[in-house]
Structure formats: structure tokens, C-alpha cells
Amino acid sequence: MGTMSTSTDLVSTTLVRVACDGERVRVELSSHAPSAAPQVRPMLLASDAAGARVALVPDGALLLADDHVRIVVEVGAGAALELVEPGGTVAYDMDGRSARWDVHATVSEGASLLWHGEPFVVSAGARVRRTTRVVAAEEARVAIREVLVLGRHGEVPGLLEQHTACVRPDGHPVLIEALEVDAARCQAWLGGRPVVASVMTLGLDPQEPASSTVRFDLEEGGHVYRACAGSAHEAADHGLWDQVARAIRSRTSNSMPTASAR
Amino acid sequence: MLLADARLPVAGHTQSGGLEPAVADGLRDVPGYVRTRLTTVTRVDAAAGVVALHHLRQALPLGAVEAAWAARTPSLAMRRTSRAQGKALLRLAVRLWPDAPAVAAVAALDSPSRPAVLASCAAVTGLGPRSLARLVGYDDVQTVASAALKLLPLDPADVACWVHDALPEVEAMAEGVAGLTSPDDIPAAGAPQLEAWAEAHARTTRRLFSA
């Protein structure tokens, strides 16, 4: 399925960069897109000496044929970033065309990234290629939640290609996963359950998820928690996310330069 | 031929190719299950074997191939099963070819995967990459098929027909991965439901097959 290319003139790029210089955190936010294209605007919700909390807010209708969203996230050494989304994203019928959604996150030594992704819905007729690439240092802490919904309620989904690559800075692979799902494969791949909720963590102790969520212990020490369910609210494991968020926040505050200097 | 024979003393009869937990969860479409495996987990294994074979033939280190396979096999239960099978096959390979450099290279790894051990056997016997991939695919289909006869009330002739009908898909899978040489090019086709079943099965004591 290498045919899913889109024209490059509609690329919208969102940048979220957080760096810590020991005294305070520097936050750089930007987004730009060609005039016709929608974009994802980063909005600062809060920041302190330790890090920042940023919302990714869609500006314009997302996600339509030929849209190409690129989100670049960089968390510098010792910094902490939390990303939230105000709502889910729906990929609409693309009438034979397609769209892309690419995320590239870099998390440096001693840094943390906590990203609570909202449902990404693949409607009938949508064709979407999503790539999530995370480059994480050995001492980085990462938790990313992704919820893929194949079709709106009672709807036969379009085509989704989800590629996830999590690697160390030297390229050593931690998790390489591709999920290519359409209506026919939804049954076989996912047992007919159209919602896949995943939480990927790196640098955190294993947590006990709800019984409907399966924990995968990766070779390199990270974890993937995954539930396949009939609906997004059934798939969501709020208890797990609370544990993960607490683990990241507590360790972040302990390791922050300002906190240890007190 | 020998490598694909269920009578080889490598405990192949203890494997159901993940079918047992699938059946326990209500799966009845075994041919569909076989097809799903051929395009996901079995394809990853076959590709890892093909790339390992290339590395053995070129005397390149295997560490990157094993790391690529492990990163594409998120289920610890599946990695453990593969390594247990690899260990059994390696014991046999060391007896058969005690002086073969390819076998020694894989034996030097810390708990090699089954694809890596199969690749060493292929390197010694002169089996090409496409034949190796076909062997991985065929073996998987037969493993599931013979387990199906023990788990479900089936006519053995029907099951033989399923295997026969799956052969073009085995061939297509083998052709698709036969040319791979780089660990980065190993496909990463995940199958969340298969992986979840594998994890559930590893935790239960009520089972006929080990995996």
C-alpha cells in the first residue's frame, strides 16, 4: 500500500519545543500552513520551572483529502512537556484521495513527554496514513496515548495505515509496529472490535491495567498497554492513565534542577 | 524437507500457532485465521529469517537482526515461544552440524529467536531465502491446521484442503520477503488481537498447547 501519497503543497507543520536551561523552561510554539490548509495550533496552557503544558488545537476542518499534518515535538534534556487535545479528530470521506498525519517526537535525557491523545476516527471512505516516530533517550520518560476508531458508530471504516517507530538516538529499535486496517481486516486483525486504545510508555515501571487491557512488555524495557473494544469509552483505561501520569509527574518534579536545588 | 516435518524432535506438537486461545475466545474461521497470520506475525518471522540468512552468508553480526525482530514482536509471550522453539531446534542443529560456522554464530547469541536458528539451518543446507520464507509459512499453516484437529470437531480431509488452499498465500508471502537484506526493511505488521490472545494464553493454566 505504498500508493498513499498526497500533494506536498498542503503540508501544515506544528512545532512544540521545550528546553530547560537549569533556571527555567523555554517554550517555542509555532504552526504554519498554506492558506487553504487547516492546521493544528499549539497553545500554551501553563508553564513553570519544570516544564510546560500545551494544547494542540485544530484550526479549520480536519482531516480532509490531501491534508498533511506534521507535528514536531522536541523535549530538551531535563524538561517536561504535557500535550493535551481538546477533542478527537475525524478523517472524513476522501473520495478516493488520501491524507497524512505525521508525528515526530524527540525526548532527550532526563526529559519527559506525557501526551494524552484523543480518538482518531477513520470514517467510511477515508484513507489515512499516520506515522508516529519517537526518538527517546535511555533516561527519557514517555507516555503516549493513541485511540484509533475504525468507523463512526455503525459505519464501515475506510483505510488506515498506522506506522509507529520508537527508537533510541543511535537508531536501536524499541518498538516498530505497522497496523494496516480496512473494513475487511478489521474483523481479523482486531476481532471485529473497531476501537484500539494504546498507551506506550518508556522509562516507567510497569503498571497494572484494567482486566480488559493487555500489557505488552517490550524487549527494551518499555510497555504497550492495549485494549480493543466496541467503543472508545469502553476501550479507555482511565485508571491506567492516571497511574502513568502520576509516575511521570512525580519523577519529573524530583529530577528537575530547580527542585533538587532547593 | 526435514525442517518442515512435524516428526522432527523439536516439540512442534506443543504448538497451536496461537489457535488455542483464539478458539477459546470464539474464533471458528480457521482459514481466515491462517491468512491473518501469514500477512502479520508469520510474515515478520519469515522476513527476520531471510534477513538473518543474508547476514549469516555475508558473515555479518546478527545482533541488529534479532533486535529488529524483537522490536516487531511486542508480545513477550510470542518472543518466549519463539525462543523456546529456537532453543529446541538449535540443540538439534548443533548435533547435526557441530562444525558449521552459521550454527556457531547463532549458538553464540543470547537465546536466539526461531527465525535466526532456522536461518542457520538454511545457511548450512544451502536453502535459499525464498525457500526459507516458504518453509516458515508452510510450517505455520500446518501447525495451526494440525492443532485445529485437536481443538475443533473437524474432518481431517477438510483441514488438508485448507492447507492446500493456503499454499498460494504462503508463496506470495515468501516472494514478498525473499529479497530483504536489511533489518530495517523487515515488515512490522502487527495484529493486536493475535498478540492479546498470545498474552492471555501465556497466563492461563487451562491449555492443551504451550502456545
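Q: Why is A:A33 called buried?
A: In this predicted model, A:A33 has 21 other C-beta atoms within 10 Å. The cut-off for buried is 20 or more. The count meets that cut-off, so A:A33 is buried.

Q: Where does A:A33 lie, and which residues is A:A33 in contact with beyond its neighbours within four places in sequence?
A: A:A33 lies in the loop between β2 (25-32) and β3 (39-47) of chain A. Leaving aside those neighbours, A:A33 is in contact with A:S12, A:P38 and A:Q39.

Q: How far apart are A:A33 and A:I144 in sequence and in space?
A: They are 111 residues apart in sequence. Their C-alpha atoms are 25 Å apart in space.

Q: What makes up the largest nonpolar core?
A: This core has 139 residues. A:L81 and A:V107 have the most contacts inside it. Helix α3 (residues 41-57) of chain B gives the largest share, 10 residues.

Q: Which residues does A:V107 touch, not counting those up to four places away in sequence?
A: A:V107 touches A:V75, A:L113, A:V134, A:A136, A:A137, A:A140 and A:V142.

Q: How do you know that α3(B) is largely enclosed by the rest of the structure?
A: Count its buried residues. Of the 17 residues of α3(B), 15 are buried. Therefore α3(B) is largely enclosed.

Q: How do you know that the span of α3(B) agrees with its number of residues?
A: At 1.5 Å a residue, the 17 residues of α3(B) should span 24 Å. The end C-alpha atoms of α3(B) are 24 Å apart, so the two values agree. Just after α3(B), B:A59 takes a positive phi of about 55°.

Q: How do you know that the span of α5(B) agrees with its number of residues?
A: The rule is again 1.5 Å a residue. For the 21 residues of α5(B) this gives 30 Å. The end C-alpha atoms are 30 Å apart, so the span of α5(B) agrees.

Q: Which residues of α5(B) are buried, and what covers them?
A: The buried residues include B:A77, B:M78, B:R79, B:L89, B:L90 and B:A93. The cover includes α3, α4, α6 (101-107), α7 (114-125) and α10 of chain B.

Q: How many helices and strands does chain B have?
A: Chain B has 10 helices and 0 strands.

Q: How does the radius of gyration of chain B compare with that of a compact globule?
A: With 211 residues, a compact globule would have a radius of gyration near 17 Å. Chain B has 16 Å, so its value agrees with the globule rule. The C-alpha atoms of chain B fill a box of roughly 45 × 35 × 30 Å along the principal axes. Of the 211 residues, 53% count as buried.

Q: In chain B, what share of contacts between residues at least 6 apart in sequence joins residues at least 24 apart?
A: The share is 80%.

Q: What makes up the contact between chain B and chain A?
A: The contact takes 21 residues from chain B and 21 residues from chain A. On the side of chain B that touches chain A, α2 (30-39), α4 (63-71), α5 (76-96) and α10 (192-203) each give two or more residues. α10(B) gives the most, with 5 residues. By class, this side has 12 nonpolar, 5 polar and 4 charged residues.

Q: What confidence does the model carry?
A: The mean pLDDT of chain B is 92, and 96% of its residues reach 70 or more. Within chain B, confidence is lowest in α10(B), at a mean of 87, and highest in α4(B), at 98. The model scores ipTM 0.91 and pTM 0.91.

Definitions and conventions. Residues numbered from 1 in each chain as written. Chains lettered and ligands numbered in written order. Predicted model: local features only at pLDDT ≥ 70, side-chain atom pairs only at ≥ 80, totals over all residues. Contact = placed C-beta atoms within 7 Å. Helix = DSSP H or I, 4+ residues; strand = E, 2+ residues; numbered from the N terminus. Nonpolar A, V, L, I, M, F, W, Y, C, P; charged D, E, K, R; others polar. Core = buried A, V, L, I, M, F, W, Y, C linked by C-beta atoms within 7 Å. Buried ≥ 20, exposed ≤ 12 C-beta atoms within 10 Å, placed from the backbone. pLDDT = per-residue confidence, 0-100. Rg over C-alpha atoms; globule rule 2.2 N^0.38 Å. Expected span 1.5 Å × (residues − 1).
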